[in-house]
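User: I would like to go through this model with you, beginning with the ligand and then turning to the protein chain. Please give the cut-off behind each term when it comes up.

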Amino acid sequence: MKNKAFYTIASLVFAIILLSNCDEKKCAAQPKYTMAVDSELTLLMRDMYTYYDSIKVDISNGTLAKDIQIFQEVHKAVATSPEKSSSELYQAMATIYVQSAERINSPNVNQKMAFNLMVDNCINCHKQMCPGPMVRIKKLYLE
Ligand code: HEC
């Protein structure tokens, strides 16, 4: 009986530790005991999010005159786990993102649809490499 109580408490403690480690924004591979410094890719991704979030309304209203920025640096920026951003899978999905971002700038394109297709490609890469921020990224979708 005593043993059973011990295991119940032990697994509860374990579950709490697991849950408290789950940081919604970050990917799994953050160094735990060193001073966490944000990677190049993390900083770039934050800029991307802020930028696309800031032009969203204008795209939706069809009032965006200027060229939409394309973040070519996704290919070069180093991730928290560098092998992640140098992988073939990452690079392939980065190319797809760049192409879909370029499409928003094409003449005669439905910008709203092209924008949502680009967000699809943010999500596609994140599904494979970094699921944490997906909830946030989905907020970029235009209705
Ligand atoms: C080719 C893959 C890929 C694409 C495409 C991609 N991301 Fe990311 N993103 C990542 C990876 C990997 C990280 C984790 C960075 C690290 O670990 O250094 C990340 C991190 C993030 C973060 C978290 C930053 C933080 O504060 O920790 C946000 C937000 C984000 N991406 C938004 C976006 C948005 C918006 C798009 C599309 C416009 C996008 N991502 C496209 C791979 C991608």
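User: How many residues surround the ligand, and which are the closest?

Analyst: This is a predicted model, in which local features need pLDDT of at least 70 and side-chain atom pairs count only at pLDDT 80 or more, whereas totals for chains, interfaces and linings use all residues. Residues are numbered from 1 along each chain as its sequence is written. A residue is near a molecule or strand if its C-beta atom, placed from the backbone, lies within 6 Å of it. The ligand is surrounded by 28 residues, and the closest are Ser39, Met45, Thr80, Cys122 and Cys125.

User: Which helix gives the most to the shell around the ligand?

Analyst: Helices (H or I, at least four residues) and strands (E, at least two) are DSSP runs, numbered from the N terminus. At least two residues of the shell come from each of helix 2 (40–61), helix 4 (88–104), helix 5 (111–129) and helix 6 (134–137). The largest contribution, seven residues, is that of helix 2.

User: Where do the buried residues of helix 4 lie around its axis, and what do they pack against?

Analyst: A residue is buried if 20 or more other C-beta atoms lie within 10 Å of its own, exposed if 12 or fewer, and partly exposed in between, with C-beta atoms placed from the backbone; the buried ones in helix 4 are Tyr90, Met93, Ala94, Tyr97, Ser100, Ala101 and Ile104. They lie on the same side of helix 4 because they cover an arc (that of the directions from the helix axis to the C-beta atoms) of only 130°. On the other side of helix 4, Glu88 and Ala92 are exposed. The buried residues of helix 4 pack, by contacts (C-beta atoms, placed from the backbone, within 7 Å), against helix 3 (82–86) and helix 5.

User: Is Asn108 buried or exposed?

Analyst: Asn108 sits in the loop between helix 4 and helix 5, and it has a positive phi of about 65° although it is not a glycine. Because Asn108 has 4 C-beta neighbours inside 10 Å, it counts as exposed.

Methods:
Contact = placed C-beta atoms within 7 Å.
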